[in-house]
Amino acid sequence: MPPADLTGLEVSILDFEREWLQGPGPKEQAIRTQFSLSAARYYQILGRLIENPAALAYDPLLIRRLLRQRDERRELRAARVRPID
């Protein structure tokens with residue numbers, strides 16, 4: 001049962017992320033179809049969710065995976081940035 005601190009949309013987004021497999025068509029199209037949101041807005045909501053303790057309580061494995069992926073992407077971006085001398 002989802003925590004009361006999560007909205008129906010937030011729970012649906014977490015469920016979608018957990019169950020998403022590369023299906024027919026791009027993920028962005030599935031996001032628009034299922035949630036009527038742009039991919040940018042969806043990822044803004046998801047980014048806030050992974051920092052939400054209620055989301056961690058709802059699905060700790062998913063949230064830890066998403067946090068790990070976010071941290072890996074940040075490290076890759078930081079490694080590509082080179083200071084100008």
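**Pocket lining and a helix pair**

Helix 3 (39-49) and helix 5 (60-80) each supply at least two residues to the lining of the largest pocket. Helices here are DSSP runs (H or I, at least four residues), numbered from the N terminus.

A word on the source. This is a predicted model, where local features need pLDDT of at least 70, side-chain atom pairs count only at pLDDT 80 or more, and totals for chains, interfaces and linings use all residues. Residues are numbered from 1 along each chain as its sequence is written, and side-chain values use heavy atoms, with hydrogens and water left out.

Back to the pocket. Helix 5 gives the largest share of the lining, four residues. The lining is Glu 17, Tyr 43, Leu 46, Gly 47, Ile 50, Leu 66, Gln 69, Arg 70 and Arg 73 (each has an atom within 4 Å of a pocket point). By class, that lining has four nonpolar, two polar and three charged residues. Gly counts as polar here. The volume of the largest pocket is about 180 Å³.

Now the helix pair. The axes of helix 1 (residues 8-19) and helix 2 (residues 27-35) come within 12 Å and cross at roughly 150°. So helix 1 is roughly antiparallel to helix 2 (angles over 145 degrees). Who makes the contact (heavy atoms within 4.5 Å)? From helix 1: Leu 9, Ser 12, Ile 13, Phe 16 and Glu 17. From helix 2: Lys 27, Ala 30, Ile 31, Gln 34 and Phe 35. By class, the contact of helix 1 with helix 2 has six nonpolar, two polar and two charged residues.

Key:
Axes fitted to C-alpha atoms, helices over the stretch in contact; angles between N-to-C directions. Parallel < 35°, antiparallel > 145°, perpendicular 65-115°, else oblique. Contact = heavy atoms within 4.5 Å. 1 Å grid on protein atoms, 1.4 Å probe; cavity = no way out; pocket = protein on both sides within 12 Å on 5 of 7 lines; lining within 4 Å. Points joined across faces, edges and corners; volume = space filled by probe spheres on them.
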